[in-house]
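This briefing is intended for a reader with the sequence and the coordinates at hand.

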Amino acid sequence: MSRTSGSPRVAVVASLGLASLLAATACSAPGTSTAEGGSGTAATSASGDMSCGTEDVTLSAYVETGFPLSAALFEEFTKQHPNVTFDVREDQFAVITQNAPRVLADNPPDLMRLPQVSELAADGLLYDLDAAAETFGWDEWPASQLEQMRVDDDGRRGNGPLYAMGLNFSMTGVFYNKELADQIGMTQPPATLAELDEVLQRAKDAGITPIAQFNGGATGGFAFPLQGLMASYGDPSEINAWTFQQPGARIDTPDNVKAAEHLQRWVENGYFADDVNSLDYSMMMSRFLEGKSLFMFNGDWESGNLDKQMPGKVGFFLVPPLEEGGQVGAMSAPLTYGISARAEHPECAAFFLDWVATDDQARTIAVEVGGSHPMGPADAFMPEVGEDTVTAQTLAAGATIGEANGSMEFIANATGAIYAKSWTPNLQKLVAGEQDGAGLLTAVQADYEREIGR
Amino acid sequence: MVQAPTTGTPGRRRAVEEPATSTEARRRAIRARRLRHGWVGLGLVVPAAAAYAMFVLRPLALTVQYSFYDWNGVTSSTWVGLGNYARLAENPEMLGSIVNALELIVYFSFVPVALGLLTAATIRKLAASRLALVSRTVLFLPQVIPLVAAGIMWTWLLASDGLVNQVLRAVGLGSVTRAWLGDTSTALPAVGVIGAWVALGLCMLLFLSGMTKIDPSLYEAARIDGAGPVREFFAVTLPSVRQEIGVAVTVTVISALAAFDIVYISTQGGPANSTLVPGLEIYYLGFFSRDVGQASALAVVFMLLVLAIVLPIQRLTREGD
């Protein structure tokens with residue numbers, strides 16, 4: 001009997017011993033310095049010839065599934081440069097976000113759809129595009145297009161070397177259903193926030209769901225209206241300073257608190273569908289496409305889709321200012337693509353990124369397939385777009401924002417986890433009545449400091 | 001004790017039959033044979049043990065090691081000692097996830113075990129009729145469906161215009177309808193319902209097989225003593241399936257504590273962290289915050305907690321033997 005009771009003890013000791021032995025083989029502190037790894041393939045930044053050459057090249061690309069823009073661009077590029085082919089791997093954006101550092105380090109793609117770049121750049125995982133910017137003259141484009149992708153030595157965005165490029169840049173605002181708008185007598189987009197409030201109330205009184213905004217799961221879509229309101233109440237550049245982690249920047253400023261309280265009033269007045277905390281993005285889209293809600297806070301990446309599914313029936317406007325003609329702003333972000341610091345063909349990939357912004361055919365694809373404004377100089381070629389389309393309206397709104405200098409990075413991109421772990425739960429609490437506008441911003445500010453303070 | 005002459009190993013017995021030239025030589029021969037047997041045994045164990053060590057023990061040991069570092073998973077790391085554990089103790093979000101997991105035990109374990117006992121006892125009464133077969137199959141079906149599919153299906157059922165609310169409206173309970181997974185007060189119970197629905201089939205099948213082993217004469221005796229169906233259930237059925245209950249409780253408690261798939265699909269921990277469970281929190285810490293050390297610390301603490309809950313359950317059911 002003593003043997004049977006003894007043997008498990010022996011087994012436990014043996015397995016613990018074995019485990020510690022195995023752990024001991026990896027006993028040095030986990031992780032490696034990527035700086036060392038990078039120098040092994042230092043050829044990446046040395047050669048300087050920013051082209052794809054004439055020999056056969058296969059660019060490896062890691063892109064977001066469900067968005068046809070990259071595939072269309074790859075096809076056109078191969079047509080124009082037959083020596084270049086693409087080896088494409090696709091994943092959902094959430095998967096790309098989670099795996100970005102490991103993929104860039106272990107399985108370096110030449111082109112990759114990137115989440116927020118500051119941590120990746122600070123870890124030395126991304127190819128420095130400054131040389132390419134100089135060669136191709138990207139420096140002469142409107143600076144606001146590229147500043148979100150510049151990261152300084154401290155991992156702060158806004159300044160420093162360029163670590164990524166956009167395939168185009170998106171715009172957010174408010175889409176509305178023209179038929180429902182007619183029903184409540186809204187003949188043109190509201191010019192002030194007060195007018196918007198009034199329209200919302202009229203829709204509610206008419207039994208129409210004013211807004212069905214996604215806010216469920218780990219993606220709090222209420223950040224869209226919140227940031228739009230922030231830009232109406234305050235200065236977009238101050239919001240950017242916070243998102244770019246500039247020293248001393250705060251999100252709980254008096255102006256932003258007013259914006260959050262405005263959002264809280266919308267919740268309390270019942271302007272949102274009552275199940276927003278369980279709505280995901282696709283449910284929001286299907287409700288809007290089925291004509292079940294008047295407004296939707298979303299971005300121009302849906303313009304092409306809306307033009308196809310509800311032709312002529314959708315309008316777009318920017319979140320209106322406090323007073324007519326006042327300050328407007330919008331979240332506007334490049335569709336970010338980067339090159340791994342260890343990529344095999346970084347020059348060719350950089351050449352591709354320049355081609356996307358400068359080739360007429362590529363710019364046409366960026367607008368028609370992507371629905372958003374192409375990157376590049378302000379006076380560059382633009383394809384013709386039908387006047388009645390949402391695409392035309394979002395492109396026009398993009399120009400307005402450009403003139404007003406109101407472009408903002410998404411507040412959810414301030415740090416890697418701030419969206420899922422801070423904005424989302426706090427916005428969900430706001431909807432549930434467990435949090436007020438001021439408390440929301442205080443909580444997010446505290447989480448933000450905890451995260452960047454480390 | 002191992003050295004006792006009554007070990008009865010083949011080597012020992014043959015050694016006794018051999019002419020004993022000297023006790024020393026005999027002892028040496030015995031040791032040589034034991035060693036030979038030992039090597040064969042070891043050779044058979046090595047492949048499995050190596051795989052186990054590589055894919056279970058090593059990750060386990062590494063998790064413990066990582067929990068002492070501040071590490072983003074890629075670049076170099078910093079030793080922080082017990083810092084991650086200290087932060088764990090003062091973070092309401094991580095502690096809240098543990099509380100949620102404990103609450104899920106009620107739905108994932110107690111409810112299906114109780115319902116499983118009830119349905120199994122009922123089905124046993126139906127004996128081999130077609131109804132018994134159909135209900136057994138129907139109740140076991142959720143066990144076959146992938147958890148992800150179950151999660152998606154239930155998010156539709158529990159949506160504000162889903163079947164659950166449609167039924168409630170049809171019977172005049174329109175006032176209680178809501179987005180069950182989108183309300184901070186009902187989201188966790190709603191997730192629990194999904195888990196209970198999945199686990200019920202397994203519990204029922206376990207109990208049913210346990211009940212078939214019960215000697216029918218026991219029921220006969222109970223009936224002669226004047227026991228009704230309720231008394232019969234508590235006096236005969238329940239004590240006889242004690243072991244199966246132990247297995248069912250252990251398995252379902254672990255599934256409650258380790259819940260990930262159902263929660264991830266149905267609520268992703270929302271709204272407002274009301275359904276955040278440790279599995280999900282570890283995932284967020286590791287992949288969104290890129291804080292591998294903190295994620296590992298939570299994983300280690302949580303593993304100890306699971307052991308602290310499951311081991312007593314094991315002991316309870318074993319003591320009854």
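**Salt bridges, cores and chain contact**

Over all chains, the structure holds 24 salt bridges, a salt bridge being a side-chain nitrogen of Lys or Arg within 4 Å of a carboxyl oxygen of Asp or Glu. This is a predicted model, in which local features need pLDDT of at least 70 and side-chain atom pairs count only at pLDDT 80 or more, whereas totals for chains, interfaces and linings use all residues. Residues are numbered from 1 along each chain as its sequence is written, chains are lettered from A and ligands numbered from 1 in the order in which they are written, and side-chain values use heavy atoms, with hydrogens and water left out.

- Of the area that chain B buries against chain A, 17% comes from Val74(B), Phe288(B) and Arg290(B), more than from any other three residues.
- Four salt bridges are counted between chain B and chain A.
- One salt bridge pairs the side chains of Glu281(B) and Lys421(A), at 3.3 Å from N to O.

**Salt bridges in detail**

- Side chains of opposite charge can pair when their charged atoms come close.
- Glu119(A) and Arg290(B) meet through their side chains in a salt bridge of 3.3 Å, N to O.
- Glu119(A) belongs to helix 6 (residues 118–122) of chain A, and Arg290(B) to the loop between helix 13 (278–287) and helix 14 (292–319) of chain B, so this pair joins two chains. Helices (H or I, at least four residues) and strands (E, at least two) are DSSP runs, numbered from the N terminus.
- Glu119(A) is partly exposed at 29% relative accessible area, whereas Arg290(B) is buried at 9%; buried means under 20% relative accessible area, exposed over 50%, and partly exposed in between (1.4 Å probe, protein chains only).
- Within chain B, Asp183(B) and Arg178(B) form a salt bridge of 3.3 Å, N to O. Asp183(B) is partly exposed at 23%, and Arg178(B) is partly exposed at 32%.
- Salt bridges with shared partners link Glu119(A), Asp123(A) and Arg290(B) into one network.
- In chain A, Arg450(A) forms a salt bridge with Asp447(A), the closest N and O atoms being 2.3 Å apart. The two residues are three apart in helix 19 (residues 437–452), and therefore separated by about one helical turn. Arg450(A) is partly exposed, at 48%.

**Nonpolar cores**

- The largest nonpolar core has 74 residues, and those with the most contacts inside it are Trp266(A), Phe295(A) and Trp423(A). A nonpolar core is a set of buried Ala, Val, Leu, Ile, Met, Phe, Trp, Tyr and Cys residues joined through side-chain atoms within 4.5 Å.
- Helix 10 (residues 223–233) of chain A gives the most to this core, contributing seven residues.
- Apart from this core lies another, of 61 residues, including Val113(B), Ala150(B), Tyr283(B) and Val310(B).
- Beyond its neighbours within four places in sequence, Phe295(A) is in contact with residues including Val174(A), Tyr176(A), Met186(A), Leu200(A), Phe288(A) and Phe317(A).

**Nonpolar surface**

- Leu60(B), Met303(B), Leu304(B), Leu307(B) and Leu311(B) make a nonpolar surface patch of about 440 Å². Patches are made of residues with over 30% relative accessible area and no salt bridge, like charges being joined within 9 Å and nonpolar side chains (Val, Leu, Ile, Met, Phe, Trp, Tyr) within 5 Å.
- Helix 14 of chain B gives the most to the patch, with four residues. Met303(B) lies in this helix and is partly exposed at 32%.

**Backbone at two asparagines**

- Most residues other than glycine have a negative phi.
- Asn405(A) has a positive phi near 55°. Asn405(A) is located in the loop between helix 17 (390–404) and strand 11 (407–408) of chain A, and is exposed at 61%.
- Asn273(B) has a positive phi of about 65°. Asn273(B) is placed in the loop between helix 12 (261–266) and helix 13 of chain B, and is partly exposed at 21%.

Key: Contact = heavy atoms within 4.5 Å. Areas by Shrake-Rupley, 256 points an atom, 1.4 Å probe, with all protein chains shown as cover. Buried area = accessible area lost by both parts, 1.4 Å probe.
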